[in-house]
Amino acid sequence: MSSDSTTTAFGTAQVKRARYAIAAVFTVHGAVTGSFATRVPWIQDHAGASAGQLGLALAFPAIGASLAMPLAGRISHRFGARNALRGLLALWTLALVLPALAPDLVTLCAALFVYGASAGMSDVAMNALGVEVENRLNRSIMSGLHGMWSAGALIGSAAGTVAAHVGADARLHHALAALALTLLGLIACQGVLDLRSEADEEPPPRFTLPPKSALVIGAIGFCAVFAEGASMDWSAVYLRDVVDTSAGLAAASTTAFALTMTVARLAGDKLVDRFGAVRSVRAGGALATAGGALVVFSPGGAVGVLCGFGLIGLGVAVVVPLAFAAAGRSGPNPSQAIAGVATITYTSGLVAPSAIGSLAEATSLVVSFGLVTVLAFGLVLGAGVLRGADRKVADGAPAPAGVVAKSPSEG
């Protein structure tokens, strides 16, 4: 759906309501991820998968998402943004039940492929609508929306932790969670903007390569997600194996990192509005680079490493939201550009944990996080490509409620 097709006038109150509605959508989306992640050990045992087989199966969500995300724009064109999001989000929440039902590796891979495909399409649809609301409010909200996603993931993982602690069957747990989240998602979607394409507008292609603008923006997102994924999955191992901390302190580092990311994203919009996307990402990259250096050199032992991971979380928190925002304003087909950036970031999230492990096996974990530090510094060098995430109308005035403000690259 192009930006030219979304010039329908909406009142200020309606746009503000849409902001809270899309925030609720992001929360529901994140809660599905959190609910699934906590029951992976149960799913592995139920499917009878070895560690290596589980690693193979967990690649399928990213494969499904990468292949399906380009379809989101065409679905939105065909059914309208609200109906498309309603259907895709329901598909995602209901897909939560599939992995726990899988009795073997083959069905688990198939279930995770569907799970990932529905995740990716709904992800593109909700980010595209988030960018549209941000346009009409004429202030940054994307960081806060991604913060709500992180909050949803924490809520879902907390509920999943309780379910696992009491020994609940994951099939029952995920069935109940899917029903509740589907209902909440349908209610939230009632308030999002009902954007529709013009009658004579050409539908976006079913499958297409990402535009060049998305590739450049996606490279910045790749660096941020790589650092995020590496820190989330390997921080506890690093503290245990390199710094020789207790198991409890090592495990707490992962939760602390997730909380740091959530808080930083929820607070990020005010910083972006004040300093702009480029300076915010450049400063974030500097923080993440300093954090990586602390992890690698750890002058304060466990305290220094924990502070280092915290700085990485603070530094990369706003990058992906701003990458989606910049992609949504980088050309005439926001959904296509967002799908391209999302594909690159999903790929980074898939590659990071295994790349860190492979490099650590060949050298050491310290060297692996040296690579993370280099990629974090890439945010400092490449922040300028996110200039399109800064929303300004030519005369500096707020955009009217019914008008989409365009970046210079959109004409």
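1. Burial is scored by relative accessible area: buried means under 20%, exposed over 50%, and partly exposed in between, with a 1.4 Å probe and protein chains only. Valine 114 has 37% relative accessibility and so counts as partly exposed. Valine 114 is placed in helix H8.

2. Basis of the values. This is a predicted model, in which local features need pLDDT of at least 70 and side-chain atom pairs count only at pLDDT 80 or more, while totals for chains, interfaces and linings use all residues. Residues are numbered from 1 along each chain as its sequence is written, and side-chain values use heavy atoms, with hydrogens and water left out.

3. Overall make-up. The protein has 17 helices and 0 strands; helices (H or I, at least four residues) and strands (E, at least two) are DSSP runs numbered from the N terminus. Of the 411 residues, 53% are buried. Among contacts (heavy atoms within 4.5 Å) with a separation of 6 or more, 86% join residues 24 or more positions apart. The protein exposes about 16,600 Å², and carbon and sulfur atoms supply 68% of that area; accessible areas come from the Shrake-Rupley method with a 1.4 Å probe, and for residues only the protein chains shown count as cover.

4. Nonpolar patch. Val114 belongs to a nonpolar surface patch with Ile63, Leu67 and Phe113, and together these residues have about 300 Å² of accessible area. Helix H4 (60–68) and helix H8 (105–137) are the elements that give two or more residues to the patch. Patches are made of residues with over 30% relative accessible area and no salt bridge; like charges are joined within 9 Å, and nonpolar side chains (Val, Leu, Ile, Met, Phe, Trp, Tyr) within 5 Å.

5. Valine 40. This residue lies in helix H2 (residues 40–47). Valine 40 counts as buried because its relative accessibility is 15%. Valine 40 and proline 99 are 59 residues apart in sequence, and their C-alpha atoms are 8.9 Å apart in space.

6. Salt bridges. A search of the whole structure finds 4 salt bridges, each defined as a side-chain nitrogen of Lys or Arg within 4 Å of a carboxyl oxygen of Asp or Glu. One of them pairs glutamate 228 with arginine 265 at 3.7 Å, N to O. Glutamate 228 is in helix H11 (residues 212–241) and arginine 265 in helix H12, so this pair ties together parts that are 37 residues apart in sequence. Arginine 265 is buried, with a relative accessible area of 5%.

7. Two further bridges. Arginine 171 pairs with aspartate 169, with the closest N and O atoms 2.7 Å apart. Arginine 171 is partly exposed at 37%, and aspartate 169 is partly exposed at 27%. Aspartate 241 pairs with arginine 240, where the closest N and O atoms are 2.7 Å apart. Aspartate 241 is partly exposed at 47%, as is arginine 240 at 46%.

8. Second largest pocket. This pocket holds about 280 Å³ of space. Helix H12 (247–275), helix H13 (277–297) and helix H14 (302–316) are the elements that give two or more residues to its lining, and H12 gives the most, with 6 residues. The lining has 15 residues, of which Leu271, Ser280, Gly284, Leu287 and Leu314 lie nearest the centre of the pocket. On a 1 Å grid over the protein atoms alone, a pocket is an open set of points where a 1.4 Å probe fits, with protein on both sides within 12 Å along at least five of seven lines, and lining residues have an atom within 4 Å of a point. Grid points are joined across faces, edges and corners, and a volume is the space filled by probe spheres set on the points.
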